[in-house]
Amino acid sequence: MTQWIDACATDDIDEEDVIRFDHGGKTFAIYHSPDGEFFCTDGICSHEHVHLADGLVMDYVIECPKHNGQFDYRTGEAKRAPVCINLATFPVKVEGGRVLIGLG
């Protein structure tokens with residue numbers, strides 16, 4: 001069963017940006033795409049222990065701030081070396097101006 005966690009307000013994230021969200025000892029990254037949708041992935045790069053929320057968002061890609069590896073945040077797919085392990089993704093829904101992520 002999916003547990004929906006209130007992560008932030010939709011206004012907390014500018015378009016083509018990312019914020020960090022910590023919950024239950026885990027770090028997530030929440031993205032606001034250029035077409036107004038929201039997405040959520042693991043918040044730590046799969047290559048090195050670096051917070052992705054410190055990285056650069058361009059279109060549908062997050063670039064890790066440490067070694068410039070890139071992921072498609074919609075799917076978690078590793079897109080550019082040195083990253084080669086995909087990120088976990090999590091379902092997102094928006095209700096009443098709030099971004100909720102699905103866990104479990």
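Asp72 touches Tyr60, Glu77 and Lys79 when residues up to four places away in sequence are not counted, contact being defined as heavy atoms within 4.5 Å. The structure is a predicted model, in which local features need pLDDT of at least 70 and side-chain atom pairs count only at pLDDT 80 or more, while totals for chains, interfaces and linings use all residues. Residues are numbered from 1 along each chain as its sequence is written, and side-chain values use heavy atoms, with hydrogens and water left out.

Asp72 lies in strand 7 (residues 70-72), where helices (H or I, at least four residues) and strands (E, at least two) are DSSP runs numbered from the N terminus. With a relative accessible area of 8%, Asp72 is buried, a term that denotes under 20% relative accessible area, as against exposed at over 50% and partly exposed in between (1.4 Å probe, protein chains only). Two of the residues that Asp72 touches, Glu77 and Lys79, form a salt bridge with each other, their closest N and O atoms being 3.9 Å apart; such a bridge requires a side-chain nitrogen of Lys or Arg within 4 Å of a carboxyl oxygen of Asp or Glu. Lys79 is partly exposed at 47% relative accessible area, and Glu77 is likewise partly exposed, at 36%.

In total, the structure holds eight salt bridges. One of them joins the side chains of Asp6 and Arg98 at 2.8 Å, N to O, and this pair links distant parts of the chain, since Asp6 belongs to strand 1 (residues 3-9) and Arg98 to strand 11 (residues 98-103), 92 residues apart. Asp6 is partly exposed, with a relative accessible area of 40%, and Arg98 also counts as partly exposed, at 32%. The side chains of Glu63 and Arg80 meet in a further salt bridge (2.7 Å, N to O), which connects strand 6 (residues 61-63) with strand 8 (residues 78-80) across 17 residues. Here Glu63 is buried, at 13% relative accessible area, whereas Arg80 is partly exposed, at 36%.

The largest nonpolar core has 15 residues, and those with the most contacts inside it are Tyr31, Leu52, Ile62 and Phe71; a core of this kind is a set of buried Ala, Val, Leu, Ile, Met, Phe, Trp, Tyr and Cys residues joined through side-chain atoms within 4.5 Å. Leaving aside neighbours within four places in sequence, Ile62 is in contact with residues including Val18, Tyr31, Leu52, Leu56, Val57 and Phe71. A second, separate core of 13 residues includes Phe38, Phe90, Val99 and Leu103.
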